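Please keep the sequence and the structure open while reading.

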Amino acid sequence: NAFVIIVLKVLVIPVGNNSLFDAHFQVVSRLREIPFFELNRPQILPSNGGTSKILTSSLKHINWSQGNLRFEYLRYDRVLLGPGDLDNFQSSKRVLMIMGIINYAEIAETAQKVEEELDYYSRRHPNIILRRIFVFNYFVDVPNRLTTPLPPKSFSKDPSSVVVFPPEGVCGEGEVTMVDVHLKEVMCHAAVKLIESLEKQINHCEEARIANNLPVCAPLTTSHDDMEDADGNPSNASSGSVVSSSFGATAAKLHKRLYNKGFAGRIHKWMGDLCMQVCSPLDSWEYYNLAISECRLMGDSLWLAGALDGYASAVLLLMSMQIFDLEDLLGKELKHLTPISEEMSGAVDGSEQTVEARSLRLAEEKGCEALAIYGRSAVFCVLEVECSLRMAKMHETSPWSCDREQKVLEYVLKATSVQGLSSQ
């Protein structure tokens with residue numbers, strides 16, 4: 001479902017001279033989704049050497065036979081050279097993998113600088129988990145093979161860091177190319193590594209919450225917090241009490257600032273985001289529920305809106321996967337939905353609608369509440385635009401939407417009329 005924010009971002013860069021980078025980028029970006037059932041489920045060995053156990057300590061409801069992982073490939077020349085303002089607010093905005101593309105025929109003069117180029121981009125995207133080098137055209141159309149350097153060696157302990165692709169060619173009598181088969185195998189391995197890493201981050205967040213500490217993997221403060229504070233109380237900005245993590249604020253100051261608002265809600269919201277990225281919507285739904293209650297109690301408006309936004313996405317993903325009993329899961333909230341008119345529903349209230357239609361309305365109500373919070377300040381204009389467009393896409397793609405065209409137009413027009421959009 002296009003409304004769901006579950007992407008794993010991959011930064012794609014050319015390494016050395018690569019006149020075929022555009023073509024290579026088109027090749028690697030063809031693989032956008034990987035079904036869970038095609039992944040090798042990771043296992044961990046107990047310290048006593050007994051029977052192995054499946055790695056699912058934090059992801060209680062992850063289903064390794066349902067759902068997809070979704071990748072978004074970013075060209076190096078079309079994105080910001082560094083993390084964005086919202087990387088510590090929505091985990092799906094972080095770049096998690098860097099992919100260096102080598103055209104083997106042109107690598108001779110820059111073979112020794114492969115690691116330097118990857119390091120250059122890795123330093124500017126500090127949340128990168130995986131680094132991979134894809135070598136294309138190995139021993140293909142090379143004038144002098146004897147003078148061509150060997151493929152670069154792995155620069156880390158991970159033997160899969162360097163991947164040499166086979167020549168283009170069709171496998172058997174089908175239409176699938178050898179490159180596509182190889183790419184899928186490599187990205188399936190990368191997907192499992194990313195799941196394991198994000199699972200460890202969820203563990204760490206829960207341990208930090210129990211210990212009443214801030215998680216190292218998620219600072220939980222952004223420049224939007226600073227702008228919101230200054231917008232709500234200008235005297236704070238002039239007195240220097242507003243803390244910005246981008247200027248290296250000390251941990252003590254961050255603790256003091258978040259203790260005033262309570263950061264348990266922020267941690268649970270972040271854990272919900274991570275669960276969405278690994279396509280575990282039931283885990284996400286549980287964490288977002290906790291985050292909504294905690295952020296609402298502490299008056300943490302920005303993170304409350306983020307939790308509501310994420311909750312709506314989790315409900316839609318639950319609907320899409322069709323493996324959960326929505327009536328049993330959402331029953332209490334579905335009973336308290338705002339009644340809709342007879343003309344729209346065919347009934348006096350929502351009781352005679354299908355559970356899917358009522359779940360869609362629940363997602364829309366949560367999304368609208370998030371939009372109302374985003375709309376209070378021009379500081380949140382980017383988030384308001386993104387949420388409005390997701391709401392439009394939700395109605396465009398859902399078979400249970402009432403007055404689809406009207407709803408899509410309504411949310412698109414709302415996105416284009418957001419105040420502050422032209423300046424940001």
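Contact here means heavy atoms within 4.5 Å. The model is predicted. Leaving out residues up to four places away in sequence, Leu39 touches Ile34, Trp64, Leu69, Cys188, Ala191, Val192 and Ile195.

Leu39 belongs to the largest nonpolar core, which has 97 residues. Leu39, Met99, Phe134 and Met187 are the residues with the most contacts inside this core. The element that gives the most to the core is helix α9 (residues 301-321), with 15 residues.

Next come the strands. In strand β6 (residues 95-103), nine of nine residues are buried, and the strand is mostly covered. Strand β1 (residues 7-14) runs parallel to β6 and is joined to β6 by six bridges. In this pairing, Val10 stands opposite Met97 of β6. Strand β7 (residues 130-136) also runs parallel to β6, with seven bridges between them. Here Ile101 stands opposite Phe134 of β7, and Phe134 is one of the residues with the most contacts inside the largest core.

The last stop is Val114, which lies in helix α2 (residues 114-124). Is Val114 buried or exposed? Its relative accessibility is 5%, so Val114 counts as buried, the cut-off being under 20%. Apart from neighbours within four places in sequence, Val114 is in contact with Val15, Ile102, Ile107 and Ile133. Val114 and Gly16 are 98 residues apart in sequence, and their C-alpha atoms are 7.0 Å apart in space.

Note on methods: Residues are numbered from 1 along each chain as its sequence is written. This is a predicted model: local features need pLDDT of at least 70, side-chain atom pairs count only at pLDDT 80 or more; totals for chains, interfaces and linings use all residues. Side-chain values use heavy atoms; hydrogens and water are left out. A nonpolar core is a set of buried Ala, Val, Leu, Ile, Met, Phe, Trp, Tyr and Cys residues joined through side-chain atoms within 4.5 Å. Buried means under 20% relative accessible area, exposed over 50%, partly exposed in between (1.4 Å probe, protein chains only). Helices (H or I, at least four residues) and strands (E, at least two) are DSSP runs, numbered from the N terminus. Two strands pair if DSSP finds at least two bridges between them.
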